[in-house]
Amino acid sequence: MHIHRKRPWDLPEHAATPEHVFLNRRNFLVSGAAALTAPSILSPALAQEADPSTGLYPAKQNGRYQLDGRDITPEAVNANYNNFYEFGSSKRIASAAQALKIRPWTIRIDGMVDKEQTIGIDDLLKKVELEERLYRHRCVEAWSMTVPWSGFPLKALVAIANPAASAKYIRFETFMDPKMAPGQRQTWYPWPYTEGVTMAEAANELAFLVTGAYGKPLAKSFGAPIRLALPWKYGFKHIKSISRVTFTDQRPKTFWEQLQSAEYGFWANVNPQVAHPRWSQADEEVLGTNGKRIPTVIFNGYGEYVADLYKGMEKERLWA
Ligand code: MTE
């Protein structure tokens with residue numbers, strides 16, 4: 001049975017936006033950034049509701065994680081150019097994402113753990129130390145951004161969960177609520193959004209659970225109240241609005257893998273030399289820079305931290 005699966009990067013070449021239109025749209029994004037900060041039209045993505053975690057930000061910056069000479073992408077650009085399919089398949093979901101209800105918010109921790117538990121986001125925030133990190137983000141669609149994320153290392157959550165030594169993977173799941181999130185009514189997607197990492201990846205110092213950005217609690221369009229950042233992997237691994245974390249000995253089948261395994265695999269490490277089946281990954285457009293393109297770097301420039309994780313795994317499909 002043929003199932004039509006609609007994704008923004010499914011377009012045939014002839015249907016793609018002409019380049020000059022595409023670049024002008026980005027010009028709008030750049031010049032629009034200043035206008036968007038005017039209070040009268042402050043974008044919904046940036047307008048924060050009263051959030052009980054507001055007092056925790058800005059968190060102290062950890063200077064170890066730098067941007068290799070790139071500037072921080074303006075907040076108004078990032079927070080209004082998102083992939084969050086639960087709220088639609090356009091990049092402009094910031095308004096629609098305001099429907100996301102982020103309190104109360106609980107995270108179920110289950111599977112191969114000593115004791116399954118459900119923890120409220122504000123209780124979790126009390127158990128961890130928040131820090132700010134400047135991270136690069138490379139989407140599989142060949143655009144990139146840089147963000148001051150706040151949050152805590154994923155390994156701190158692993159310590160709270162206390163998994164069995166035989167657990168090999170962590171499976172993450174986003175909330176499921178088609179009434180709140182209209183995208184979840186599109187039944188051809190394998191909702192809820194899921195992602196996964198190995199326990200070794202989870203222990204890597206770069207693996208980061210994000211609860212804030214730009215010195216504030218995370219905006220809804222970024223995947224409030226808690227999302228993942230794995231800066232050496234393509235952006236679709238960075239699951240948003242996490243509501244369940246499961247420790248398992250089975251490799252999780254992820255959202256995009258279920259949808260189109262020929263194009264999106266489990267590992268999804270950034271590699272400029274391995275093209276997507278339908279486009280090159282050699283370079284990337286930096287959001288907020290008038291369409292400037294820069295060469296993409298293996299592991300998105302984080303090889304010194306993560307290359308060892310994949311030694312001896314050359315037979316695996318590590319790059320897409
Ligand atoms: N998480 C959920 N739950 N739903 C999504 O649609 N999109 C992914 C990822 N996490 C997505 C998600 C993709 S494709 C990317 S590139 C990043 O989120 C985008 O993050 P950003 O919107 O903060 O730039």
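Predicted model: local features only at pLDDT ≥ 70, side-chain atom pairs only at ≥ 80, totals over all residues.
Residues are numbered from 1 along each chain as its sequence is written, and side-chain values use heavy atoms, with hydrogens and water left out.

View 1. Strand β3 (residues 131-138) and β4 run antiparallel and are joined by 8 bridges; strands here are DSSP runs of E with at least two residues, and helices are runs of H or I with at least four, both numbered from the N terminus. Two strands are taken to pair if DSSP finds at least two bridges between them. The hairpin formed by β3 and β4 has 4 residues between the strands, and alanine 142 in the turn has a positive phi of about 75°.

View 2. Valine 147 lies in strand β4 and counts as buried because its relative accessibility is 0%, where buried means under 20% relative accessible area, exposed over 50% and partly exposed in between, using a 1.4 Å probe and protein chains only. Although valine 147 and tyrosine 135 are 12 residues apart in sequence, their C-alpha atoms are 5.5 Å apart in space. When neighbours within four places in sequence are left aside, valine 147 is in contact (heavy atoms within 4.5 Å) with Asn78, Arg133, Leu134, Tyr135, Ala213 and Tyr214.

**View 3. Strand β4 and its other partners.** Strand β7 (residues 208-213) runs antiparallel to β4 and is joined to it by 5 bridges, with leucine 209 in β7 standing opposite phenylalanine 152. Strand β11 (residues 283-286) runs parallel to β4 through 2 bridges, and there valine 286 is the bridge partner of serine 144. Because 11 of the 11 residues of β4 are buried, this strand is largely enclosed by the rest of the structure.

**View 4. The largest nonpolar core.** A nonpolar core is a set of buried Ala, Val, Leu, Ile, Met, Phe, Trp, Tyr and Cys residues joined through side-chain atoms within 4.5 Å. The largest one has 86 residues, of which Ile107, Trp149, Leu154, Phe172, Ile226, Trp232 and Phe247 touch the most other members. Strand β4 (residues 143-153) contributes the largest share of this core, 5 residues. Leaving aside neighbours within four places in sequence, leucine 154 is in contact with Phe172, Val197, Ala202, Ala207, Phe208, Leu209 and Leu228.

**View 5. The ligand site.** The ligand is surrounded by 18 residues, the closest being Tyr85, Glu86, Arg227, His238 and Lys240, and a residue is included if one of its heavy atoms lies within 4 Å of the ligand. Polar contacts are pairs of N or O atoms within 3.5 Å. A side-chain N or O atom of asparagine 82 is 2.9 Å from an oxygen atom of the ligand, whereas a polar side-chain atom of glutamate 86 lies 2.8 Å from a ligand nitrogen atom. In threonine 174, a side-chain N or O atom is 3.0 Å from a nitrogen atom of the ligand. Of the 530 Å² of accessible area that the ligand has on its own, the protein covers 100%, with areas from the Shrake-Rupley method and a 1.4 Å probe.

Note on methods
Polar contact = N/O pair within 3.5 Å; in protein donor to acceptor, adjacent residues only side chain to side chain.
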